[in-house]
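Reader: Hey, I've got this one open and want to talk through a few contacts and side chains. Can you walk me through it?
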Amino acid sequence: MARVTAVRLRERAREAMLAAGGRGFVRFLPAGGALLATDAIRRCADDAARARLTDALAQAGFACAVRGGLLEMTPTDDVLLVPGGEERVAVDWESPLHPAQALARRFLANAQQPLTPAGRQLILETLRLTWLAPDRVLSGLPALRAQAAVMLRRGDRSGLHEAGALLKEFCEQEQGGLTDEA
């Protein structure tokens with residue numbers, strides 16, 4: 001199974017929406033709350049069509065809620081959890097991506113744990129961040145570090161491994177595989 005990325009999650013939601021006969025946009029939401037939103041719920045002709053849409057999205061791994069005329073979608077824990085295994089990231093200190101590589105390495109050093117609300121939010125914020133242009137991702141890393149620091153002070157390490165895997169994938173896509181399996 002392919003790793004979770006912001007692009008793959010958006011495609012997954014769009015495919016489920018279209019398969020259920022829904023039409024409309026699927027966009028990322030700003031920080032906090034749900035990850036994605038669609039206006040397809042407004043375009044449904046009746047309650048049966050709305051039920052088909054939300055059922056299809058639930059089967060695709062999204063928890064749905066209607067807010068402000070939009071259907072907000074948040075990936076479920078089953079979708080967010082990265083398949084296990086030890087992962088290592090080589091940090092190329094000469095690369096402009098070294099801050100992301102170093103943070104990915106630090107996060108991946110944590111064992112996978114069941115997701116807490118804070119861990120889930122860390123993963124969602126990492127997904128939002130990796131959707132942006134590379135320079136914006138790098139400028140957003142201090143916020144992720146700060147969020148993780150608050151969690152660690154509370155003894156919560158959930159979501160760190162998954163956030164690290166997302167950053168690792170971002171780095172691999174940007175520089176063509178700077179990881180090291182050794």
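Reader: What does the side chain of R8 meet in a salt bridge?
Author: The partner is E169, at 3.1 Å from N to O. A salt bridge is counted when a side-chain nitrogen of Lys or Arg is within 4 Å of a carboxyl oxygen of Asp or Glu.

Reader: Is E169 buried or exposed?
Author: E169 counts as buried, at 9% relative accessibility.

Reader: Before I go on, what am I looking at, and how is it numbered?
Author: It's a predicted model: local features need pLDDT of at least 70 and side-chain atom pairs count only at pLDDT 80 or more, while totals for chains, interfaces and linings use all residues. Residues are numbered from 1 along each chain as its sequence is written, and side-chain values use heavy atoms, with hydrogens and water left out.

Reader: What's the average pLDDT?
Author: The protein chain averages 89, and 92% of the residues score at least 70. pLDDT is the predictor's confidence in each residue, from 0 to 100. Over residues 177-182 the pLDDT is below 50, and this stretch has 13 contacts in the model beyond near neighbours in sequence. Contact means heavy atoms within 4.5 Å.

Reader: Back to salt bridges. How many does the structure hold?
Author: Six. One of them joins the side chains of R120 and D77, at 2.6 Å from N to O. That pair also links distant parts of the chain, with R120 in helix α6 (residues 117-130) and D77 in helix α4 (residues 77-80), 43 residues apart.

Reader: How accessible are R120 and D77?
Author: R120 counts as partly exposed at 22% relative accessibility, and D77 is partly exposed too, with a relative accessible area of 24%.

Reader: What does E125 form a salt bridge with?
Author: With R128, where the closest N and O atoms are 2.9 Å apart. E125 and R128 are about one helical turn apart because they are three residues apart in helix α6. Both E125 and R128 are buried.

Reader: R128, ok. Which residues is L29 in contact with?
Author: Leaving aside neighbours within four places in sequence, L29 is in contact with A34, L35, L36, A37, E72 and R128. L29 sits in the loop between β1 (26-28) and β2 (36-38), and L29 is buried, at 18% relative accessible area.

Reader: Switching topic, what's T5 up to?
Author: T5 lies in the segment before α1 (6-19). T5 is buried at 10% relative accessible area, and apart from neighbours within four places in sequence, T5 contacts L127, L166, E169 and Q173.

Reader: Last one: how do strands β3 and β4 pair?
Author: In the antiparallel sense, over six bridges, with β3 at residues 62-67 and β4 at residues 70-75. Two strands pair if DSSP finds at least two bridges between them. A63 has T74 in β4 as its bridge partner. The strands β3 and β4 form a hairpin with two residues between them, and G68 in the turn has a positive phi of about 60°.

Key:
Helix = DSSP H or I, 4+ residues; strand = E, 2+ residues; numbered from the N terminus. Buried < 20%, exposed > 50% of the residue type's maximum accessible area, 1.4 Å probe, protein only.
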